[in-house]
Amino acid sequence: MPEWRKDPVVDRWVAVSTERAKRPTDYRPPLEQKKQERCPLCEGHEGDTPPEVLAFRKPGSEPNRPGWWVRVVPNKFPACRVEEDNKMIRKDIYYTWCGVGAHEVIVETTDHEPNLINQTEWQVAEVIWAWRARSLDLRRDTRLKYISIFKNKGSVAGASLEHAHSQLIAIPMVPAEIKEELAGVRAYREERGRCVYCDVWQHEAATGERVVVEANHFISFVPYAARFPFEMWILPKKHQRDFADIDEAGVRDLAYVLRESLRRLAWTVYDPPYNLVLHTCPVNDGAGEDYHWHIEILPRLTIIAGFELGTGYYINPTPPEMAAAALREAGKWCSEVISAVQEVRAGV
């Protein structure tokens, strides 16, 4: 029978199908059509983008020239700008806030490749370091209150460019969803004296039913009240409010868990489009002392329709336990294939 599941942090319910559940083979994401036009993010095309604000590059190479392996540039068509005034204008019952903020593109590799799973763990770690560096730099502007880091993979998920990239938008207000999570964290601590996210990951690790990948410092699992089929959360095991507090060991571990989670997603449901969003505490705000930062991976395998838009609740046709089992099985299968290939190569 179908059942309603409540998110442990926010007041959100999800209808989970158990009677007519969709299995991995029931999903067929649309095939992406390769674009032939010139890519502004490829190495050698640095003049097609605004000047870089950060680049990890070879010693001796010049800014805005080839020689980089991760590059960050302002978005050519930004949603907001640092140069704007930070003021609010009221017109009768309406408010307008000038478009202050920052909108940047993190070019994740020189390769014209849309997927992080084809990069090495070292390269994924370098992307994470770039996220952290830009978060630390932008928060120096005290007008900014939240730094959103996200990745859209595939046109269905909102990506307009094929080249592997993520984005950062820094804004002068705290998003409503983060406020809701902050309130849920606060209420849980007042009731139980603990962090809800710490309790969640420890429960998932203990049962193992929904775990996808686990390492020393991070764990990936399908949440109990997953909104989307094959949705995954990645949490640091150490209670940490701010993503920018991550250290070197954490970056290495996160690179492994993130890449492995995305690889298993690709192997299980035919490399679907997805949105990856990093939830972290506000900056320059004083809020979020009890927060626990995390990453959410949201595959776009179903369509958000009238019910979701009208209620804020979701219908998930694949039970989280089924999804997690398939993702774990994909990991075993791939390990066997890789071992077999390595044995053949060793024999040659």
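Reply: Strand β1 is joined to strand β2 (residues 13-16) by 4 bridges, and the two run antiparallel. Strands here are DSSP runs of E with at least two residues, helices are runs of H or I with at least four residues, and both are numbered from the N terminus. Two strands pair if DSSP finds at least two bridges between them. One of these bridges links Lys6 to Trp13 in β2.

The model is predicted: local features need pLDDT of at least 70, side-chain atom pairs count only at pLDDT 80 or more, and totals for chains, interfaces and linings use all residues. Residues are numbered from 1 along each chain as its sequence is written, and side-chain values use heavy atoms, with hydrogens and water left out.

β1 and β2 belong to an open sheet of 3 strands, in the order β1-β2-β15, with mixed pairing. Its edge strands, β1 (3-6) and β15 (314-316), each pair on one side only. Neighbouring strands in this sheet are turned by 30° against each other on average, direction ignored; the axes behind such angles are lines fitted to C-alpha atoms, for helices over the stretch in contact, and angles run from 0 to 180 degrees between N-to-C directions.

Another strand to look at is β7 (residues 102-107). It is largely enclosed by the rest of the structure, because 6 of its 6 residues are buried, where buried means under 20% relative accessible area, exposed over 50%, and partly exposed in between (1.4 Å probe, protein chains only). Ala102, Glu104 and Ile106 are buried on one side of β7, and His103, Val105 and Val107 on the other. Strand β4 (residues 68-74) pairs with β7 in the antiparallel sense over 4 bridges, and Val72 has Ile106 as its bridge partner in β7. Strand β9 (residues 165-171) also runs antiparallel to β7, joined by 6 bridges; there His165 is the partner of Val107.

From Ile106, Ile128 is 22 residues away in sequence and 10.0 Å away in space, C-alpha to C-alpha. Ile128 sits in helix α1 (residues 121-138) and counts as buried because its relative accessibility is 0%. Leaving aside neighbours within four places in sequence, Ile128 is in contact (heavy atoms within 4.5 Å) with Phe243, Val251, Leu254 and Ala255.
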